[in-house]
Amino acid sequence: MDSTLFTKPTTFYSLSNMAAQKFSYRAPLLQNYSYFRNTNATSLLHLRGSSSSRVLSLLNVTRYSTCSGQEYGSSSKRRSRGPVMAAKKSEGEKQGDGKYKHTVDLPKTAFGLRANSVVREPEIQKLWDENQGSFVLHDGPPYANGDLHMGHALNKILKDIINRYKLLQNFQVSYVPGWDCHGLPIELKGKCHQSYFVKPLENFPGCIWELNLFSNYQHGLFMRSVLVLQSLDQDARKELTPLKLRAKAAKFAKSTVKNQLAAFKRYGIWADWENPYLTLDPEYEAAQCSYHLFLLVYTNYARLKCLGKWRCKGISIEEGNQYTGVLRLELLLQRLNWRILTIYDLQYPEGHVSKSMYAVFKLVSGTTSCKLLEDFLPNLGLAIWTTTPWTIPANAAVAVNSKLQYAVVEVHSNSVETVGSSANKEKQIGRILKENENLHLIVGLDLVPTLEAKWGVKLTVKETVTGAELENCRYVHPVESRECPVIIGGDYITTESGTGLVHTAPGHGQEDYATGLKYGLPVVSPVDDEGKFTEEAGQFNGLDVLGNGNIAVIECLDENLSMIMVEPYNHKYPYDWRTKKPTIFRATEQWFASVEGFRKTAMDSISQVTWIPSQAENRISAMTSSRSDWCISRQRTWGVPIPVFYHVESKEPLMNEETIDHIKSIISQKGSDAWWYMKVEELLPEKYHDQASSYVKGTDTMDVWFDSGSSWAAVLGKRSGLSYPADLYLEGTDQHRGWFQSSLLTSIAANGKAPYRGVITHGFVLDERGFKMSKSVGNVVDPRTVIEGGKGQKESFGADVLRLWVSSVDYSGDVMIGNTVLRQMSDIYRKLRGTLRFLLGNLHDWKADYAVPYSELPMIDQYALFQLENVVKNIKESYDNYQFFKIFQIIQRFVVVDLSSFYLDVAKDRLYVGGTTSSTRRSCQTVLAAQLLSVSRVLSPILPHLAEDVWQNLPFPFTTAEGHVANFVFEAGWPVSNERHLAFPEDDVIFWGKILELRNEVNKVLEVARTQKLIGSSLEAKAYLYASDDDLVSRLVSLCSSDNEADTLHRIFLTSQVEILRTLDDVKEDDIACTGEYLIDDTSKVWIGVSRADGSKCERCWNFSPQVGSYDDHPSLCSRCHSVVSHPIPALAAAN
């Protein structure tokens, strides 16, 4: 036997350009934990993969059969149904008087058939903890705001599989877990007041902000984790200072990190758990405040400026400056609170009802290109439609579509009152239709019939004009009596609804803002942080924009004869997905970064990164190429402050390398809380102390994507053993617009290169029906419950079953999980474990010195080693390509199906009764040891608990090439490729493929014989074969007469005898009652017959033989068993 079967590779592999870069892992300490070697096992084989030309496919065979006119199935009830069941049966059945029981070598192992994962896995994890060195792939920080879900499990287990594989490949693995600890959800949890007794919701004035943690609400329910700011009086609100809120948020985040960390460890994840990175750590915050990062926000390389309400790219508020800007979304919660959202925080549910209003803006002048309008002045108005009447005070223009046709219509409103009241009681008709007798309006020509029906009036078309001709006409603002222009809008102006003219308020709409940029419109946004009109709104000051403020605007327009009609309008509307509350658009002061200066560099870097799956490159390329300016500021308390000071009078920002470095040094020592409790003078460098009274601190915090996107600087660039750029980032597909992109942009801006060499993305986890998981629906699969049971789930599957599921799915798309899937995984896991237990049990007396040289192995054993080498080779290829589902398929097909049903099934005879020290048993053990050692290692990245359990129950030591005993599976390294095993002759590979197919066909005929009560066990049968292919016949004959008993056909078929017939002429139906035949390669016919075996049954091995009864000293034994029992059993073997 080659020593390579039991040694570790001597080559120390250098890093590849992908994944798990220079992993700095030190394997568990080389202590002899022999006391722990009592419980588990793993081993595998499989068909050769597609990368080889010699495959163990079962050939292209067409089968048909005739067995006395009776059809037979494809399955065969053999002497045993697998190695474990065979062992049980052998132990349980009586064999005569049992006097030869001590001569049978049944499996022996303390490795349990049941995993007992709830107890055993934590024990193995404790073993790892006590003997694990430092352990790095750059971790995308999960959000520290609640319990883990199945998406977290998928993500972390995928990373762990990669890390453990790289460790086996002799990489130095460094995996530092991280957590994102800032942001609004945590800030809300920090504000959360526990155990408030609140009034019933319908009797409670105002709004309750419900968080994710609380239970169902009922009348007078004692609620937990509910934020009810309105229930606090003014004094209580004042007590919740920014510092107190930050302390509560930090406490909550750290507590969540602790809980999530424990859960990740329970998944079997290896990481540097003692030294994770948290975005709230002072050293991390200080790195984030580095001046080099702020090159992104304050230099010409990536222009970032702070200015008044709208940052409009291309429009200068100050001479010579270039500004960038985006529109912000805000959630207003009826006097309670407000917060800024992004477009990714929005949902658009059906069923929102708005007060839609048709209004008239009085036209005061036309243009030279449209003089015909002057004939209708001063009784001509622009008819607009809006679902947000509260935005009318911010109106700056009316937009039209230059390509549309518009009509000047005369309004005949004699019957309006009757029509309005009878058609819809909820409609409110304006005074203008009742009191103005000479009213003319401009509306979309195609909308005239619709508006007639809607308003209940007769509209007569007097003239038509194009939208282009209306440009630059002037009208009077309906509230403030100032003149505003008619402008050309975009394709969003249609005749599908409304009037064809759009009220434009750049301070409150994305499209309005974009249109306003072209015309330099003033940006008016008279709404404060509580969702109330400001003094800028004049008579509406202090009113809620979504409440009585909206009503007041409608009433004002009606009094000014500018309101045509108001009616309810049911439509989709942007809601905050967390609170399920409606949102509004509002212009606010923000900090922005333009990516124009480095977009090309970013695109070039993307093309140099390896993306898995490959289509991910297209996705991030599209997102980056169209990326708008990045707003990095947030109006929140819990976060890293933007280190800027503003001049009290001029409002000019002060932020330079000197001020940033000074603040950075403060934060590194005291944390970012210092920004809130230290004075301006203390925060400024000494040279600015005499100017401190002229400056105030900024109150904005950084976007959390800027937080996590800086991890390459705070972690990879700072920690020993890590390197920048990382070899691999691995996160969900949604991170193309999140962490992947923010990390890319900050790294490109600061250093001109991507922070990663490779990126892997995975899909989302759905329930087993393919639906999104939701607590309200009740289809959430909790990873902790999967592992440990509980919450209505009786069964505890364990971490390895969950990990096996991760390996089974194609993570490049969305994946599904549920009880049915988990039970399937559990069944496969049990079969794997049973097979490995069989391997361990039959090696209880094995030593490496017993290994049989390869050249002396029977052909069936050489073929088994050929299969094993191909399996290891194909699995390695799949690991290298991160295609873990292929590994799962290989393992399932070979170990559960092919290995158990063929090689191990055939091996039982020589393992149990072939003789303890016989060459046939030792040669089989040589193969089993190779299988056990190889498969336990190749499985260990996916099923580490099972693999380690096997390793701790090895009945023999494994010595590496370096000469030390591998006490743990991850000390053993990846199996060394054995080229001699792979060199198994091509002709023999094809031949053994035919043997396997022939065995399946023989089993079918045996099953028919069993059904006809001709035989019971297959050992009661004798098989007959006739083939038309002379070469096949020659090889079959050679197997029947093989000197090595393991290669004989009757041992392979598990019958007592096999006879090769030269002709079928002398075959009598009375002698051979059951027959069948099939074709090989559609040409060569093989005939199969089955009869009762010759001779009597051997009491020891149960084979039938004419020699039984020939020996006076042991008359009930066959010749083989007589030879075994007649020789003294070696003392060592007997002891074992």
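This is a predicted model: local features need pLDDT of at least 70, side-chain atom pairs count only at pLDDT 80 or more; totals for chains, interfaces and linings use all residues.
**Ground rules.** I number residues from 1 along each chain as its sequence is written. Local features need pLDDT of at least 70 and side-chain atom pairs pLDDT 80 or more, while totals for chains, interfaces and linings use all residues, and side-chain values rest on heavy atoms, without hydrogens or water.

**Overview.** I found 35 helices and 41 strands (DSSP runs numbered from the N terminus: H or I of at least four residues for helices, E of at least two for strands). Of the protein's 1136 residues, 58% are buried (under 20% relative accessible area, with exposed over 50% and partly exposed in between; 1.4 Å probe, protein chains only).

**Cores.** Of its 165 residues, W805, Y903 and L1025 touch the most other members. Helix α27 (residues 884-913) gives this core its largest share, 17 residues. Another core lies apart, with 57 residues, including F706 and W739.

**Y903.** I skipped neighbours within four places in sequence and listed the contacts (heavy atoms within 4.5 Å): I860, D861, A864, D898, R910, C924, V927, L928 and Q931.

**Helix α11.** In residues 448-455, I see V448, L451, E452 and W455 buried. They line one face of the helix, because seen down its axis they fall within an arc of 105 degrees (taken from the directions from the axis to the C-beta atoms). On the other side, P449 and A453 are exposed. G456 follows α11, with a positive phi near 75 degrees.

Terms used
A nonpolar core is a set of buried Ala, Val, Leu, Ile, Met, Phe, Trp, Tyr and Cys residues joined through side-chain atoms within 4.5 Å.
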